[in-house]
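Here is a short report on a two-chain model. Please look at the sequence and structure first.

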Amino acid sequence: MTVPTVGAPAASSPTARQAAGPRQLWGRLRHQPLTLVSAIVVLGVAVVAAFAPLLAPYAPDDTDFTAVFSPPTADHLLGTDDLGRDILSQLIFAARTAMVVAGGSVLVAMLIGVPFGLILGYKGGWYDRIGSRGMDVADALPGIMIGFVVIAILGRGMLILIFAIGLIFSMNFARVVRAITLTERKKLYVESARVSGLSHRQVIFGQVLPNLAGPLAVQGAVFLGNAIKVEAALSFLGLGLPDDQPSWGGMLRFAAEHQADHPLMAIPPGVAIVVTVLAFNLLGDGINDALSGRRRTRRKARKAQRLTLAAVEAARATSRAEHDARVAAAVAERDVVLDLRGVSVALDRPAGEAVPLLDDVHLTVRRGEVLGLLGESGSGKSMLARATLGMLPAGVRLEGGRVLLDGTDLTAMSDKRMRAIRGSRLAVVFQNPQSNLSPVHTVGRQLTDPIRAHHGMSKRDARARAAELLELVGVDDVQRRLDQYPHEFSGGMAQRVAIAIAIAGDPDVLILDEATSALDVTTQSQVLDLVLDLRERLGMAVIAITHDLGVVAETCDRVAVMYAGQIVEKGAIDAVFDRPRHPYTAALLAAHPAIDRDVDRLPTIPGRVPLAGEWPLGCHFAGRCAFATERCLEAPVALTEDVRCVRTDEVVLEGAHHD
Amino acid sequence: MGKLVLYRLGFAVPQLLVVSVLVFSLTYLVPGSPAAAILGVAATPESIAQVEQQLGLDRPPLERMVEWFGGLLTGDLGTAYRSGLPVTEMLAQRMPATLSMILGGMIVALVIGVGVGVYTGTRPGTTADRVLTGGTVLGIAIPEFWLGMILTTVFASWLGWLPIVGWVPLSEDPLGWLRGLILPSLTLGLTGGAIIARQTRAAMVSALAAPYTDTLTAAGVSRGRVLYRYGVKNALVPVLASAGVVFAILIGVSFVIERVFSFPGLGSLMLTSTIGQDFPVVQGVVLLTATLVIAVNLLLDICYGLINPQARPA
């Protein structure tokens, strides 16, 4: 079977999804002014090089002994050298040398490096092992040394110079190509292409090479700049082209000889090199950013607009009044330890608009209780944890609301006072067991630092306390364990350490931010049991942030359900699970496979959580809700009687099935 | 520790062996014969044969290789074609200048690179970050030898603060040695510093975005401690991993800027030997340089293993 267009099923090929299309790339590049300027400079140098004879006022070797070492004049805009040759003209002709040598050597580097890297990456195994060791050997030599050796062996000349510089950079190309080929080869679609009978050649040209185009363009631009630098250095040393061929490095060689008397001669060629190399490097960086979609944001954001729609304010006022009324008694009894009142958080976009991430969150945590915060990913649960601790990411700010800890507003606190709160009053354990701990510090050090921050203990006392804490969270052999590094701990054990760090300062509220989600089921329940046990012993409240209904059902006293930045329903766990009042809660419960139920297929909630910035004005869940009507979308919905639904009294919702 | 050194030696020794074999075979790559290259236009078949016999080039490759490795073990790198001097002696004479410059350059590079990298990495997006990071982009684009020329003109010719001609042996005049090293070290160090600063900044930014930063901050550890104790040590891991490459780059750069500062180092020896096709000397310089780089890499690998527990052999 001959397939003229390799990798033919272009429409379904994942390649199209992987790399940014040319149009998309251009769209991004347009917003990178520095990249555009660099491209113009590169283009300018190329044009100068191409039309050198037309542009230069003199031939490069025209001597004028009446004007030796002339300063800049109308005749010689940049002056002349020791033989009265026009510096501007030499500069222009030298641009030609630079571009030809740089272009040629990058071509040579690719011709050697790309096939080499492809073979190593594609064949793998011994090819790769031996070839990679070979590249390591090449690393032992400075690039310019390879240039020296090639010229020592072959002599001087244009082609030799191009080959020498090309050889220097070939290993860099090989490395890049090898790495990309390796990852591409492992991807499913190449595997499936192999299975479906495409030849090696078809796979390489159809699947691998298209993905190499972008990185090669980046490397190409950067190495064009580097090649110009190397060419200049070799010419400066007299190893480049013959002396009658103008080059920037050669001009600097003459300038160096006359440096004491005519130091300014070094300026024009030097500036020419810097500008050209800089332009190539910035172009490479720019293409790289555009390929990876990392757009350089304009820093100066206009003053972010506030969400001051009257309707929004009205809904918030209702929620606030409701909340105040409902918690007033508990607050009066000093039963409430943490009280979030109307917390709203927004991301400031560079263009000036504010994207809401949390909208009007009211939540109370009572002393010693376990509160579940339930929702799909993207609902804003983790952002709520960060807002509570005053650890919002850069660019995200508190847009409204208060965080009251025993009646004190944390949002008004200084960084310094907030630091004293963190760990000692509020603490958090994040999701990833391993990366929660610094890989290059011992567990002991990571435990003693927070301990000493809170209690001002001596090192020895802090270590003793650290040992106690580790024992408390169920780690055995603590003295040995304290001197170990995180990679020597299993996921469950690492998470126990993270919990020990969190409770080092005896917090009143411990937030578990998906802290057990990455663990296997057995470990997960062990860690949860530990937390419940700690709560008993230390009398702290726990907020368990999770997307797992099982976790909530097993551990929590109360639950708050979040959806797209809002709390949609909250209440005692049995009440909410048995008689959900918000369609989203009901849908979550329906999607959760109960063990005793015959499940033919897993019910899921159709659609996805709308992204921040795409939230409707009205009910955020309306787009996925089976009960939605026009009314749901008309105006912002307030949280009334602990549920955020305008139809809650009209619809009949099914709760969880108990055994 | 001993295990770590042995483990790393297991990488370095074969690498050195391969380099030695490659360096040995250089003369076989010369089109025609090295003898013809030495004789130049005056070469006749008879004179070439005579020179080849004198230099032992006519003997079988295996015999020559055994001799070459035998020489290596006793520190004998042969005799220069042109001067007839032992290559080892010529290299030894040039080493102090090159090593002094590299040492000075590496110190400046590390101070500037780590300093600027940590400073900018802890405040990304600020004006200070943009200015300094822009400076590193410029630092990488500037040809080092040109930078050296400018620094000489400004600090030696115009301001007269420092001597124009650099090298004074340490044994003769320690202060003069130091003064002569300032400009070359600065030239080398600014270049190397720009590279290290970029790596350090990137490493610092990602270290500070890592979850353990949040864990410690949330546990009440002060920002300064999180930044400088935890952030910097984590950031040093990738920086250390690429420091060997920076060292190799600096050696290459030192070879070029020797000319600017009239330094009698390995670079000028390499340059004259390259032009004169004096292969024993070229081989000697290449081998010495490679050995230096491999040795420094070995040292850095050991440091890397010490700082990064995951890189220690089990």
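## Basis of the model

This is a predicted model: local features need pLDDT of at least 70, side-chain atom pairs count only at pLDDT 80 or more, and totals for chains, interfaces and linings use all residues. Residues are numbered from 1 along each chain as its sequence is written, while chains are lettered from A and ligands numbered from 1 in the order in which they are written.

## Chain B: overall build

Chain B has 12 helices and zero strands. Helices (H or I, at least four residues) and strands (E, at least two) are DSSP runs, numbered from the N terminus. Along the principal axes, the C-alpha atoms of chain B fill a box of roughly 85 × 60 × 35 Å. Of its 314 residues, 45% count as buried. A residue is buried if 20 or more other C-beta atoms lie within 10 Å of its own, exposed if 12 or fewer, and partly exposed in between; the C-beta atoms are placed from the backbone.

Two residues are in contact if their C-beta atoms, placed from the backbone, lie within 7 Å. Among contacts in chain B between residues at least 6 apart in sequence, 72% join residues at least 24 apart. The domain assignment gives domain 1 (32-76) and domain 2 (87-311) of chain B; such bounds come from an automatic or database domain assignment. The C-alpha centres of these two domains lie 38 Å apart.

## Where the chains meet

The contact takes 58 residues from chain B and 64 residues from chain A. Seen from chain B, several helices supply at least two residues each, among them H1 (2-25), H6 (127-141), H7 (144-158) and H12 (279-307). H10(B) gives the largest share of that side, 12 residues.

The side of chain B that touches chain A divides into 39 nonpolar, 15 polar and four charged residues. Here Ala, Val, Leu, Ile, Met, Phe, Trp, Tyr, Cys and Pro count as nonpolar, Asp, Glu, Lys and Arg as charged, and the others, Gly among them, as polar.

## Nonpolar cores

A nonpolar core is a set of buried Ala, Val, Leu, Ile, Met, Phe, Trp, Tyr and Cys residues joined through C-beta atoms within 7 Å. The largest one has 159 residues, and Ala95(A) and Ala227(A) have the most contacts inside it. Helix H5 (residues 87-123) of chain A gives the most to this core, with 18 residues. Domain 1 (32-76) and domain 2 (87-311) of chain B both give residues to this core, so it lies between them.

A second, separate core has 109 residues, including Ala315(A), Val343(A), Cys632(A) and Cys645(A). Back to Ala227(A): leaving out residues up to four places away in sequence, Ala227(A) touches Val101(A), Ala102(A), Ser105(A), Val106(A), Ile165(A) and Phe169(A).

## Annotated transmembrane spans

In an unreviewed UniProt entry, the annotation "transmembrane region" covers residues 33-56, 98-122 and 143-169 of chain A. UniProt positions are given in the numbering used here, feature names are shortened, and annotations may be inferred rather than shown by experiment. Residues 33-56 of chain A are 92% helix and 0% strand, with end C-alpha atoms 30 Å apart. Residues 143-169 of chain A are 89% helix and 0% strand, yet their end C-alpha atoms are 8 Å apart.

For chain B, the UniProt annotation (unreviewed entry) includes residues 12-30 and 281-307. Residues 12-30 of chain B are 74% helix, and their ends lie 28 Å apart by C-alpha atoms. Residues 281-307 of chain B are 100% helix, with end C-alpha atoms 39 Å apart.

## Strands of chain A

Which side of strand E7(A) is covered? Both faces are: Val509(A), Ile511(A) and Asp513(A) on one side and Leu510(A) and Leu512(A) on the other are all buried. Five of the five residues of E7 (residues 509-513) are buried, so this strand is largely enclosed by the rest of the structure. Four bridges join E6 (residues 426-429) of chain A to E7(A) in parallel. Five bridges join E7(A) to E8 (residues 541-546) of chain A, also parallel. Val509(A) stands opposite Leu426(A) and opposite Ala541(A) in E8(A).

Elsewhere in chain A, four strands form an open antiparallel sheet in the order E2-E1-E4-E5. Two strands pair if DSSP finds at least two bridges between them. The edge strands, E2 (354-366) and E5 (408-409) of chain A, each pair on one side only. Nine bridges join E1 (residues 336-348) of chain A to E2(A); one bridge partner pair is Asp348(A) and Ala354(A).
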